[in-house]
Amino acid sequence: MTQPALRPDVLLNVMPDVLIIGGGLMALATALELRLRGASVTVLSRDRTEAAAYAAAGMLAPQAEGLEPGPMLELCLRSRALYPDWTAKLESLTGLDSGYWPCGILRPAFADTPPPPELQNRDCRVEWLEGEALEQRQAGLGAEVVGAWWFPEDAQVDNRRRLVPALAAAVDQSGVIWREGVEVIKIHQCQGEVTALETNDLETNKQIYQAGHYLLAAGAWTGGLLEAAPVTPRKGQLMALRPALGVESEIGMPLGQVLFGDRIYIVPRQDGLIVLGATSEQVDFQPGNTAAGIHQLLTEAIRLCPALGHYEIAETWWGFRPETADELPILGPSPLANLSLASGHYRNGVLLAPITAQILADWILEGKAAPLLQAFQWERLGL
Ligand SMILES: Cc1cc2nc3c(=O)[nH]c(=O)nc-3n(C[C@H](O)[C@H](O)[C@H](O)COP(=O)(O)OP(=O)(O)OC[C@H]3O[C@@H](n4cnc5c(N)ncnc54)[C@H](O)[C@@H]3O)c2cc1C
């Protein structure tokens, strides 16, 4: 794909076509899509490192998540289908590896696991494995595992170390103006329209920003800027393990695919790092890893895959999922005519980045509302 030339109107003092609030996946993926379609775009990001994309496990798991048939499953499946082309585009724009790995996901069951939700989907491949067939797919599962669902089309992406850097580089190179460290303090409005964004930007002596259109994509912090978009934080703690010297060959690791358990997921990266996630806590924006959180991850991971008990702890971290009352994202129009929304992606925001960028660009630039958008309107949340 050819990159659009930098237009003179993307200079800082000229009003851009679109101003985006946020520095996470939704902000960056949509900024890039808008820019590649010819719009001038400015991104105002308080702190890109606090984005959930730096915390997530990177599973692309519409089937393993057991989503009920309906618009959300549809949205997730469509986004999963976009992933190979979307990541190939990022790679060709930047020359960087995106970390996309279509490795499939295995969802093991214990004898006491409640029956899984309806996991079959009309168009997707799924298989129940046990005994020899399961052993061949993945050796070394815990003795209590009685079988597993195998979803060969689910996948993963190394979001922290590969995808986010590749996307950020593509955004930088595309000519998007990215103001890092700039916090939007207030969305000024008059007669049903945004008139300006007030920021803390002292560096450029430009605290007021204006644009033709605005996009609010501030993740778990969205609700603090706009009451009509009630998104709240759901904390998750994660950690990474790496094989201790010599252990890998002894126990037949590494894992060949993601293991998706009931209170744990185990996500092996291609270089041998193993990500364990994640707790689910309603503790507002309380930072940090706790003993109980790490205990849960290790206990469940070792139950599922005992050999992990011999691994070394490489790192621990945490992040905030942007949650809504019905666990669905808010996409498209807002109560303000020139403000759009892309937030509340909760547990599936890494998966949903490509489809969100596409749908939002269609909406913002062409006023085209995909039929799927209907299910994700802000009005459904009753404010
Ligand atoms: C523990 C955990 C595990 C996860 N695992 C997965 C997974 O396996 N698969 C999957 O698909 N998804 C997963 N997710 C979900 C996914 O990470 C999120 O849904 C997605 O990253 C949200 O992206 P976002 O852009 O909406 O928000 P964020 O990435 O949180 O970005 C919000 C950005 O807005 C900025 N901001 C906030 N307020 C302001 C302001 N006033 N002014 C300027 N900037 C502001 C912040 O600094 C931040 O950079 C996980 C999330 C967590 C936390």
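Helices (H or I, at least four residues) and strands (E, at least two) are DSSP runs, numbered from the N terminus. Residues are numbered from 1 along each chain as its sequence is written. This is a predicted model, in which local features need pLDDT of at least 70, side-chain atom pairs count only at pLDDT 80 or more, and totals for chains, interfaces and linings use all residues.

**View 1. K186 on strand β10.** Let us start with K186, which sits in strand β10 (residues 184-190). K186 is exposed because it has 10 other C-beta atoms within 10 Å (exposed means 12 or fewer such atoms, buried 20 or more, and partly exposed in between, with C-beta atoms placed from the backbone). Between the C-alpha atoms of K186 and A31 lie 21 Å, and the two residues are 155 apart along the chain.

**View 2. The shell around the ligand.** Here we turn to the 45 residues around the ligand, of which G24, A51, G219, G236 and G349 come nearest (a residue is near if its C-beta atom, placed from the backbone, lies within 6 Å of the molecule). Two or more residues each come from α1 (25-36), β2 (41-45), β14 (232-242), β18 (312-323) and α7 (349-366). The largest share, four residues, is that of β18. By class, this shell holds 25 nonpolar, 13 polar and seven charged residues (Ala, Val, Leu, Ile, Met, Phe, Trp, Tyr, Cys and Pro count as nonpolar, Asp, Glu, Lys and Arg as charged, and the others, Gly among them, as polar).

**View 3. The largest nonpolar core.** This core has 114 residues, and I20, L167 and I266 have the most contacts inside it (a nonpolar core is a set of buried Ala, Val, Leu, Ile, Met, Phe, Trp, Tyr and Cys residues joined through C-beta atoms within 7 Å). Helix α7 gives the most to this core, with eleven residues. Leaving aside neighbours within four places in sequence, I20 is in contact with A27, T30, A31, V41, V43, L44, L215 and A217 (contact means C-beta atoms, placed from the backbone, within 7 Å).

View 4. The domain assignment gives domain 1 (8-59 + 161-231 + 326-381) and domain 2 (105-152 + 233-323), with bounds from an automatic or database assignment. Taken over C-alpha atoms, the centres of domain 1 and domain 2 are separated by 32 Å. The contact takes 17 residues from domain 1 and 18 residues from domain 2. On the side of domain 1 that touches domain 2 there are nine nonpolar, six polar and two charged residues.

Technical notes: Two residues are in contact if their C-beta atoms, placed from the backbone, lie within 7 Å.
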